[in-house]
Amino acid sequence: IAPIPAPEHWKPEPWEFHRDGARIEAAFRSFIHRAHPSQSEESHDIVVCHGNVIRYFVCRALQNDPEGWLRLSLANCSITHLVVKPNGNVTLRGLGEKGHLPSDMVTYN
């Protein structure tokens, strides 16, 4: 999904949005969903991925326009904590937290 307005520093081809958009949406549906009704205990999933994927997942899960994903900034190796409750409510408990890293090791791309 192309960000609006388009950033000046990143100009992918339109076909890339079509190809990659389907892939990232499939990943979102695979990882971000309600627990099965028969599940009786909490479950926790750890997803290690590129910051662009995290930003897209967060926008989609919070029902924000996914085009806004590029407006979020995440440090490399940061931690994002997203909670999906059994009733479907979603809470973002932390986005791009980097307190576990020494300050001289915090980087952004």
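This note walks through the predicted model point by point.

1. Ground rules. This is a predicted model, in which local features need pLDDT of at least 70 and side-chain atom pairs count only at pLDDT 80 or more, while totals for chains, interfaces and linings use all residues. Residues are numbered from 1 along each chain as its sequence is written, and side-chain values use heavy atoms, with hydrogens and water left out.

2. Confidence. Start with pLDDT, the predictor's confidence in each residue, from 0 to 100. The protein chain averages 88. A score of at least 70 is reached by 95% of the residues. Among the elements, α1 has the lowest mean pLDDT, 86. Strand β2 (residues 90-97) has the highest, 96. Keep one caution in mind: where pLDDT is low, the predicted coordinates should not be read in detail.

3. Layout. The protein chain has 2 helices and 2 strands. Here helices (H or I, at least four residues) and strands (E, at least two) are DSSP runs, numbered from the N terminus. The order from the N terminus is α-α-β-β. Helix α1 covers residues 14-31. Helix α2 spans 51-61, and strand β1 spans 79-84.

4. Overall dimensions. The C-alpha atoms fill a box of roughly 50 × 40 × 20 Å, taken along the principal axes. The accessible surface comes to about 8200 Å². Carbon and sulfur atoms hold 53% of that surface. These areas come from the Shrake-Rupley method with a 1.4 Å probe; for residues, only the protein chains shown count as cover.

5. Of the 109 residues in the protein chain, 22% are buried. Buried means under 20% relative accessible area, exposed means over 50%, and partly exposed lies in between (1.4 Å probe, protein chains only). Next come contacts, meaning heavy atoms within 4.5 Å. Take the contacts with a separation of 6 or more: residues 24 or more positions apart account for 49% of them.

6. Helix α2. Which residues of α2 are buried? They are I54, R55, Y56, F57, V58, C59 and A61. The buried residues of α2 pack against α1, β1 and β2.

7. E25 sits in α1. Is E25 buried or exposed? E25 counts as buried because its relative accessibility is 16%. Leaving aside neighbours within four places in sequence, E25 is in contact with Y56 and R60. G21 also lies in helix α1. Its relative accessible area is 18%, so G21 is buried. G21 and Y56 are 35 residues apart in sequence, yet their C-alpha atoms are 10.0 Å apart in space.

8. The loop between the helices. E42 lies in the loop between α1 and α2. E42 is exposed because its relative accessible area is 70%. P86 is 44 residues from E42 along the chain. Their C-alpha atoms are separated by 9.4 Å.

9. Two residues deserve a look here. Q63 lies in the loop between α2 and β1. Q63 follows α2, and its phi is positive, near 60°. Q63 is a residue other than glycine. Q63 counts as exposed because its relative accessibility is 74%. C77 is found in the loop between α2 and β1. C77 has a positive phi of about 65°, although it is not a glycine.

10. Cysteines. How many disulfides does a search of the whole structure find? It finds 0. A disulfide is a pair of cysteine sulfur atoms within 2.5 Å. For C59, the nearest cysteine sulfur is that of C49, 13 Å away. C59 is buried because its relative accessible area is 6%. C77 counts as exposed because its relative accessibility is 60%.

11. Charges. The protein chain has 11 positive and 12 negative charges. Lys and Arg count as positive and Asp and Glu as negative; His and the chain ends are not counted. The place of a charge is taken as NZ of Lys, CZ of Arg, CG of Asp or CD of Glu. The mean positions of the positive and negative charges are 3 Å apart.
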